[in-house]
Amino acid sequence: MAGEHRLLLDNAQQLVLVCTKGEKYLLQAGMQDLAVLDNASVVIGTDGCVKAVGHADVIRQQFSEASFEKIIDCSGKCILPGLVDAHTHPVWAGDRVHEFAMKLAGASYMDIHQAGGGIHFTVEHTQKASEEELFKTFKHRLLRMLRTGTTLVECKSGYGLNLETELKMLRVIEQARRLLDSNISSTYCGAHSVPKGKNATEATDDIISNHLPKLKELNLNGEIHVNNIDVFCEKGVFDLNCTRRILQAGKGIGLQINFHGDELHPMKSAELGAELGAQAISHLEEISDEGIAAMASAKCAAVLLPTTAYMLRLKQPQARKMLKEGVIVALGSDFNPNAYCYSMPMVMHLACVNMKMSMKEALAAATINAAYALGRSHMHGSIENGKQGDLIIINSSRWEHLIYQFGGHQELIEYVIVKGKVIYKNEGIMGY
């Protein structure tokens with residue numbers, strides 16, 4: 001019957017499934033055995049989910065060409081799962097390119113922060129911006145992410161700091177979730193910095209007494225859907241006690257704990273996250289040995305951000321030690337005005353070069369494990385029957401080219417597919 005299935009991706013040179021047994025995440029050993037099929041095809045149904053994967057000749061015997069709304073010949077090409085970016089700050093106004101010059105001249109992150117730049121500069125501009133202005137720039141950034149292969153992205157608020165602007169940012173994220181093709185995991189990050197005129201304890205009290213009850217109300221009545229709660233647990237920002245109070249209150253209204261920890265100073269954030277049942281902790285450049293062990297035991301994902309360590313000249317996160325000790329390692333871009341990179345292929349490349357991950361480890365960290373960090377690996381992060389049909393097709397006979405070619409994604413990625421629908425086709429490389 002015509003149109004019984006939405007899409008057939010036919011006869012790919014390599015089909016990178018990542019997982020085959022419904023794994024929620026991959027540890028180091030599982031990453032070495034990344035599932036890859038040669039000369040394979042994928043069938044996506046009209047519900048946008050994967051219906052069959054297998055060798056091309058077997059799929060052809062099972063399905064008639066007439067049953068597909070669309071067929072894409074993938075001969076000589078590779079199919080991979082859509083990439084997952086587990087940490088971004090994509091809703092903001094104001095340009096901070098001048099701070100890059102300051103950093104190159106030797107200013108530290110905290111130097112800029114204390115001089116009124118950094119987060120507070122962006123907060124000032126974001127508070128003044130209209131919802132329409134914020135949505136327009138956010139939409140543009142999401143589309144750029146899609147063109148680099150990202151089909152599921154975590155999006156934080158956090159440049160409002162007052163309730164009004166935080167809700168404005170979350171409404172912008174909600175509008176994108178409803179109107180655009182990207183899959184979004186929404187994060188409330190009202191504790192991104194201590195607002196001017198308050199100390200950390202006062203800011204914490206305000207979040208617990210005012211922000212979170214309003215979020216609960218808006219979530220319950222369906223106006224916005226927030227998935228995660230985040231705090232910047234850092235010296236001079238929110239200490240361990242304030243962080244604990246906010247995260248526990250967020251968990252109490254049903255939000256997943258997914259927060260910034262141990263970035264610039266050792267704060268015992270990892271130990272706290274493991275104790276509270278956090279889904280994920282990001283950064284972790286200054287994690288302790290005890291923190292690594294605690295996260296491994298708690299099955300709390302470590303979202304490592306190689307672009308941030310690179311751009312801020314921080315020490316690299318200990319990816320190898322984490323992998324060896326059984327931590328679920330995921331990757332994110334940390335896209336924000338301070339680290340302007342939205343390309344997960346470049347993030348994977350930097351993870352390999354600077355954090356000494358293998359290409360298989362990096363791909364697993366940017367797919368199934370990043371999806372796990374968002375609590376979404378049951379439907380995202382691998383190409384398996386029943387999962388959402390989010391895929392990318394690259395114009396290469398080896399999947400590793402997506403990581404190997406630093407900045408090469410603009411020429412490599414030919415199609416980006418979400419729920420079985422082609423949402424990006426790179427016309428510039430047809431016949432390349």
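Me: Which residue in strand 10 is the bridge partner of Ile 229?

Reply: The partner of Ile 229 is Ile 257, which belongs to strand 10. Helices (H or I, at least four residues) and strands (E, at least two) are DSSP runs, numbered from the N terminus.

Me: Before we go on, what kind of model is this?

Reply: This is a predicted model, in which local features need pLDDT of at least 70, side-chain atom pairs count only at pLDDT 80 or more, and totals for chains, interfaces and linings use all residues. Residues are numbered from 1 along each chain as its sequence is written, and side-chain values use heavy atoms, with hydrogens and water left out.

Me: Back to strands 9 and 10, then. How many bridges are there, and in which sense do they pair?

Reply: Strand 10 covers residues 256-261, and its pairing with strand 9 is parallel, over 2 bridges. Two strands are said to pair if DSSP finds at least two bridges between them.

Me: How do the side chains of strand 9 point?

Reply: Strand 9 consists of residues 228-231. Asn 228 and Asp 230 point one way, while Ile 229 and Val 231 point the other way. All of them are buried, where buried means under 20% relative accessible area with a 1.4 Å probe, protein chains only.

Me: What about strand 8: how is it joined to strand 9?

Reply: Strands 8 and 9 run parallel and are joined by 3 bridges. Opposite Val 231 of strand 9 stands Ala 191. From strand 8 the chain passes through helix 8 (residues 200-220) to reach strand 9, in a right-handed β-α-β crossover.

Me: New topic, helix 11. Which residues are buried there?

Reply: Helix 11 spans residues 289-298, and its buried residues include Gly 291, Ile 292, Ala 294, Met 295 and Ala 296.

Key:
Buried < 20%, exposed > 50% of the residue type's maximum accessible area, 1.4 Å probe, protein only. Right-handed = clockwise from strand over helix to strand, strands pointing away.
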